[in-house]
Amino acid sequence: MKGNPSSTRRGFLVGVGAAATALVAFTAGQSFGLLDPLNLFAPRRRGGGPQSLPVNRTAAQAQVAESALDPSWRLTVSSAALTRRFSRDQLLGLRLVDADLPIACVEGWSTDASWRGVRLSDLLASVHAAPDARLRITSLEPRGHYRVSTMGPEFAGDPRTLVALEVNGEPLDLDHGYPARIIAPGRPGVLQTKWLSAIEVLA
Amino acid sequence: MSRTVLVTLRVGCALVGVSLICIGVFFLLTTEPPAALIGLIVWLAAAVVLHDAVFAPAVNVADRMLASGAARLAARAVTAVRILFCIGLVLTLVVGPELVAQGRKHANPTVLVGDFALRLGLVWCAIGLAVVAIIAASALHTRRRTARRRSTRA
């Protein structure tokens, strides 16, 4: 480009800034309400998906549609001392609490939702486990990187960490983890395990 | 700003940057398994190859084309046109993979729901119109200035 070096450098910086601004303006609307009207190119729409919540991995993709809807489904909660199995109705009969927490996905979107479910620490207490236990959480998914995950005591002991049964006032949609899923504050979306199968206390 | 202050600021910035890099490398090496580190090295090497073998030559060719096509334009207008193309290219780089993914069969109906091709087309149309407007305004400005100079000389 012709012109003196400082104008070239300034042009370059303005160009990079303008391109970055345009990119943010046209994509960040999938997470920020303010930019929602400008969301031309983000892969997701804010409030899209069942129950106004986006879905990263559907029940069909995870191959859980059948096992998640099976009436014989039970959530196994086990510690060294005791193992208990809960049906969804039994979980609904326990003390339910509310928590407003976001799903913050590592793919770059984030959406707030109102969750209702059983406090994880209450379930741990039911098998005589300490609330600051380390846990292994398993999904019904037959395979997948996040079928099994571990959860540290910082999550298990938090009163807002739930085994969620409802979202935004309705029973969890199958694609959001029906019959039960984990929702914890400050945990990456892929580790908010859907279609729960077992919660084990690790020694 | 005096030269001493400037040098101090630069050295300070460099020290902060190098310290942050060291912290990052420390946590990278102490928290990630070897397989992830190898994956990271491959990814970074591919990024360098992609930059040097594809992006840099492509930008160079585009730059030469723009320079030869805009030889008579004012430097400010050329910069503006360049910035507009830069915006269009960055958006295209992001939308391109989305278009490829839309073309493939995928099982999640909540993603990739927009008409990205049409929107990208409209953005390029807007960029095209803006470029035409800038060139026209620049040409008009140059002609007026030349005419003014001629009339002053006469």
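Ala, Val, Leu, Ile, Met, Phe, Trp, Tyr, Cys and Pro count as nonpolar here, Asp, Glu, Lys and Arg as charged, and the others, Gly among them, as polar. Keep those classes to hand as colours for the tour.

This is a predicted model, in which local features need pLDDT of at least 70 and side-chain atom pairs count only at pLDDT 80 or more, while totals for chains, interfaces and linings use all residues. Residues are numbered from 1 along each chain as its sequence is written, chains are lettered from A and ligands numbered from 1 in the order in which they are written, and side-chain values use heavy atoms, with hydrogens and water left out.

**Stop 1: the interface**

Select chain A and chain B together. In contact (heavy atoms within 4.5 Å) are 24 residues of chain A and 25 residues of chain B. The two chains bury about 2000 Å² between them, with 72% of it on carbon and sulfur atoms; buried area is the accessible area (1.4 Å probe) that two parts lose on being put together, summed over both. Now colour helix 1 (residues 5–27) of chain A, which supplies 8 residues, the largest share of the side of chain A that touches chain B. Helices (H or I, at least four residues) and strands (E, at least two) are DSSP runs, numbered from the N terminus. By class, that side of chain A has 13 nonpolar, 7 polar and 4 charged residues.

**Stop 2: the largest pocket**

Next, select B:Val59, B:Arg82, B:Phe85, B:Cys86 and B:Leu89, which lie nearest the centre of the largest pocket among its 24 lining residues. The pocket search uses a 1 Å grid over the protein atoms alone: a pocket is an open set of points with protein on both sides within 12 Å along at least five of seven lines, a cavity is a set where a 1.4 Å probe fits but cannot get out, and lining residues have an atom within 4 Å of a point. The largest pocket holds about 900 Å³ of space; grid points are joined across faces, edges and corners, and a volume is the space filled by probe spheres set on the points. Helix 2 of chain B gives the most to this lining, with 9 residues. The lining divides into 17 nonpolar, 5 polar and 2 charged residues.

**Stop 3: the second largest pocket**

Move to the second largest pocket, with a volume of about 450 Å³. Pick A:Asn56, A:Arg57, A:Gly189, A:Val190 and A:Lys194, the closest to its centre of the 22 residues that line it. Its lining has 10 nonpolar, 7 polar and 5 charged residues.

**Stop 4: the cavity**

The count comes to 1 cavity of 30 Å³ or more.

**Stop 5: backbone details**

Zoom in on A:Pro179, in the loop between strand 8 (170–171) and strand 9 (181–183) of chain A. The peptide bond from A:Tyr178 to A:Pro179 is cis, with omega near 10°. Then go to A:Gln51, in the loop between helix 1 and helix 2 (59–62) of chain A. A:Gln51 is not a glycine, yet its phi is positive, at about 55°.

**Last stop: B:Leu37**

Finish at B:Leu37, in helix 2 of chain B. Leaving out residues up to four places away in sequence, B:Leu37 touches B:Leu28, B:Leu29 and B:Glu32.
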